[in-house]
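Biologist: Could you walk me through reading a model like this one, feature by feature?

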Amino acid sequence: NFIKNKPKIAIAASFGQELKDINDIKLKQIKKYLTDFNAITLREEEGVKICKYAGLTNAKLICDPTILNNVETYINLLPQKAVIDTSDGVFIYYLGHNSSIKINHILKFASKNKNKVYLTTAQGYISSDKKYFLTIEEWLHAIYNAKFVVTNSFHGTVFSILVKKQFAVIPLKNKGANSRIETLLSK
């Protein structure tokens, strides 16, 4: 609401919630803050539903901007020398401590297939598991080289698809946070 007399456009926005989780107070806020937008695009079908429910009929579904780039754009960002070489294993990237990923299950899977496990997390996950703290370029490299990727992250899923990796998506416990991944995979 701090922008006055200028066009407002939301590009590939995300609510990270389901329509059923939007109460009347949130609905009023959504309507109040988004009514004066000239265009609203979202990266999940659930977000479009939320906007329409709030009476905002100009909301449209588009793909995430990361998908618009040619995959070579990302490959050109890969470091010459990897911090970790994931080519012999499973790369796990997941968000937060409310993850439904069970590290022990993945370790058993990897062990059964004689693969090493490389783990990186986001949002302050604390555990005794060995983790790698990677730059964005190193993170892309880890996905690019891995035999298999396990993630609960939208962008972990996007980049696994873009570089044609075998992957598994483990949903977050907060169902609404999965709607971007569900839209991506359904398309």
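Modeller: Gladly; let us begin with a helix. In α2, the buried residues are Glu46, Gly47, Val48, Ile50 and Cys51. Buried stands for under 20% relative accessible area, exposed for over 50%, and partly exposed for what lies in between (1.4 Å probe, protein chains only). Helices (H or I, at least four residues) and strands (E, at least two) are DSSP runs, numbered from the N terminus. This is a predicted model, in which local features need pLDDT of at least 70 and side-chain atom pairs count only at pLDDT 80 or more, while totals for chains, interfaces and linings use all residues. Residues are numbered from 1 along each chain as its sequence is written, and side-chain values use heavy atoms, with hydrogens and water left out.

Biologist: What covers the buried residues of α2?

Modeller: Their cover includes α1 (24-34), β2 (39-42), β3 and α8. Contact here is heavy atoms within 4.5 Å. After α2 comes Gly55, with a positive phi near 90 degrees.

Biologist: And which elements do the buried residues of α8 pack against?

Modeller: Helix α8 (residues 179-186) has Ser179, Arg180, Ile181, Thr183 and Leu184 buried. These buried residues pack against α2 (45-53), β3 (59-61), α3 (65-68), α7 and β7 (166-169).

Biologist: How should I read the salt bridges, and how many are there?

Modeller: Side chains of opposite charge can pair when their charged atoms come close. The rule used is a side-chain nitrogen of Lys or Arg within 4 Å of a carboxyl oxygen of Asp or Glu, and by it the count comes to seven salt bridges. One of them joins the side chains of Asp36 and Lys8 (2.9 Å, N to O). Asp36 lies in the loop between α1 and β2 and Lys8 in the segment before β1, so this pair ties together parts that are 28 residues apart in sequence.

Biologist: Where do Arg43 and Asp64 lie?

Modeller: The side chains of Arg43 and Asp64 form a salt bridge (2.7 Å, N to O). The pair links distant parts of the chain, with Arg43 in the loop between β2 and α2 and Asp64 in the loop between β3 and α3, 21 residues apart. Arg43 counts as buried at 16% relative accessibility, and Asp64 counts as buried at 3%.

Biologist: What about a pair within one helix?

Modeller: An α-helix has 3.6 residues a turn, so residues three or four places apart point the same way. Here Glu46 and Lys49 both lie in α2, three residues apart, about one turn of the helix. Their side chains meet in a salt bridge (3.7 Å, N to O). Glu46 is buried with a relative accessible area of 15%, while Lys49 is partly exposed with 46%.

Biologist: Which residues are linked in a network of salt bridges?

Modeller: Glu18, Lys20 and Asp21 are linked that way.

Biologist: Where is Ile11, and is this residue buried or exposed?

Modeller: Ile11 is found in strand β1 and counts as exposed, at 61% relative accessibility.
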